Amino acid sequence: MHHWVRASSSDFTGTPPQPRSGHTAVNVGKSMVVVFGGLVDKKFLNDIIVYDIENKLWFEPECTGSVSEGKVGPTPRAFHVAITIDCHMFIFGGRSGGKRLGDFWVLDTDIWQWSELTSFGDLPTPRDFSAAAAIGNQKIVLCGGWDGKKWLSDVYVMDTMSLEWMELTVSGSLPPPRCGHTATMVEKRLLVFGGRGGGGPIMGDLWALKGLIDEERETPGWTQLKLPGQAPSSRCGHTVTSGGHYLLLFGGHGTGGWLSRYDVYYNDTIILDRVTAQWKRLPISNDEPPPPRAYHTMTSIGARHLLIGGFDGKSTFGDLWWLVPEDDPIAKRSSVPQLKNPPETKESERDLDTERGKEGSTIADLQKKMGISVSSGLRLQILEESEDQEFVELGTRLIEGEVVDNRSSMVQMAAEALRQHWKESTPETLQLKELDSLLRDYQRLVTRKYTAQNSLTSADFGFPGKKTFTFYHIKSSSELRMDDIPKLLEEYKTLLI
């Protein structure tokens, strides 16, 4: 069992990195994590922030060395790659504004000195959203990316001693071109997962590349791996971090939604077990996980993993989170944020609640308990069954042929039939056209449960304690992710008991 714990000021001294996404964070041996660059509010960064693991200290070193555009070190950028070999951090490519970069830099972390490298051979074209990994303690492999016009599938190997690039000639079938993927060396193979491909689809395939180790004398070639278990959904902008006998995948985004096309951001944690060669969901405690995000970093520090930053389509994160095993001393620390005080209700809204009577006030109380602003833009409209035309129509189709005395009886019978139908439904048999009605009835039943049982606490709405009413705040089924449907149906059925 693992726990997500939000980092606090007691975990370290110094100033942690400011909010950012598209940055890099790499281990330098077992002593440091070095964060470089990124993007926040359309501003590209080129700062260096270091976490001293032994002293639990964040600091910003004063770097010297090559000057680029009047500043020491690389120009500001995001969506670049960073690889460490010994005490050296190598930086390649990325983006600054609308410009893709193809420059190559190294930072000597012993003396904090930047050097721009003049390499030769088969030089990679400028690109962003590429992926790279170290091969042993001398070479770097770089694959894929986006050059501003097309997705790439090329593979380059760079010798950090001779500074020579070589484009790898690969035989056999090739993975589709992609960017925003991950590349991880596992023993003698490079594993590539996910990414956005040509034409725009987001992928969830896993490929292995052999022929990178000189001593093996293998002909370079790709193999698509189809492993058993609970494989991750298609995504890009995720991270894959080594954790001993497993690889740990977190976050990223895909294209989803039942009724519309939009980016869906993830906060699930999935492991690839290297011993059994299968995907597994990492068992996580009931603590609240970090908000969904992509283009973050995840770095291993002993048995812990440190999550920094990221982006969820609207906001850039500046939070830091620990993912720790249950025997870690900080595992028992609550990672659940305190409920924020909702904004004050305006006078006009108080008048509206008075007109609507006790039920209106109760709904507002419910929203406040969930931390939802009670402004008119966010107020949920809870309809009675008789007012919910779509709900009634779905139910009447199930009772066709029944003799009904009046409309009131018909609505009651239709509601009972439809709820029984949903009670017996599975995520596979549930139809898309039923989702809006199901969501509204879910919210209706939650509201009645609260009205009749005014002792419910915030724990019943997904805060500390059991998670029960996760989807009360959703205004339309188009906001649901595909993997939300089983959970919504499960919670709905508990309301029918």
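Over which ring does the charged end of Arg304 sit? The charged end of Arg304 sits over the ring of Trp322, 5.1 Å from its centre. This is a predicted model.

## Charges over rings and aromatic pairs

The charged end of Arg235 sits over the ring of Tyr266, and the distance to the ring centre is 4.3 Å.

Rings also pair with rings. A pair of aromatic rings is described by the distance of the centres and the angle of the planes. The count here comes to 20 aromatic pairs. Take Tyr51 and Trp58: their ring centres are 4.9 Å apart and their planes meet at 35 degrees, so the pair is tilted. Tyr51 and Trp58 are both buried. Ring pairs also build a cluster, which links Phe90, Phe92, Phe104, Tyr156 and Trp165.

Strands of a sheet pair through backbone hydrogen bonds, either parallel or antiparallel.

Strand β6 runs parallel to β14 (residues 113-116), and 2 bridges join them. Thr64 stands opposite Gln113 of β14.

## Strand β1 and its partner

Strand β1 covers residues 2-6. Of its 5 residues, 4 are buried, so β1 is largely enclosed by the rest of the structure. Its pairing with β33 (residues 320-325) is antiparallel and spans 5 bridges. Trp4 has Leu323 in β33 as its bridge partner.

## His305, a buried residue

His305 lies in strand β32 (residues 304-308). Is His305 buried or exposed? Its relative accessibility is 2%, so His305 counts as buried; the cut-off for buried is under 20%.

The side chain of His305 makes a polar contact with the side chain of Ser300, at 3.3 Å. Leaving out residues up to four places away in sequence, His305 touches residues including Thr241, Ser242, Gly243, Tyr246 and Leu248. Trp321, Trp322 and Leu323 are also among the residues that His305 touches.

An α-helix has 3.6 residues a turn, so residues three or four places apart point the same way. Helix α3 (residues 389-398) has Phe391, Val392, Leu394 and Gly395 as its buried residues. Seen down the axis of α3, these fall within an arc of 165 degrees, so they line one face of the helix.

Now turn to helix α6 (residues 485-495). Its buried residues include Ile485, Leu488, Leu489, Glu491, Tyr492 and Leu495. They cover an arc of only 165 degrees around the axis, which puts them on the same side of α6.

Pro427 sits in the loop between α4 (407-423) and α5 (435-452). With 28% relative accessibility, Pro427 counts as partly exposed.

Which residues does Pro427 touch, not counting those up to four places away in sequence? Pro427 touches Pro486 and Leu489. Leu489 is one of the buried residues of α6. Pro427 and Glu490 are 63 residues apart in sequence, but their C-alpha atoms are 9.3 Å apart in space.

Key
Residues numbered from 1 in each chain as written. Predicted model: local features only at pLDDT ≥ 70, side-chain atom pairs only at ≥ 80, totals over all residues. Heavy atoms only, no water. Pairing = 2+ DSSP bridges. Buried < 20%, exposed > 50% of the residue type's maximum accessible area, 1.4 Å probe, protein only. Polar contact = N/O pair within 3.5 Å; in protein donor to acceptor, adjacent residues only side chain to side chain. Contact = heavy atoms within 4.5 Å. Arc of directions from axis to C-beta. Phe/Tyr/Trp six-rings, centres within 6.5 Å; stacked < 30°, edge-to-face > 60°. Lys NZ or Arg CZ within 6 Å of the ring centre and 35° of its normal.
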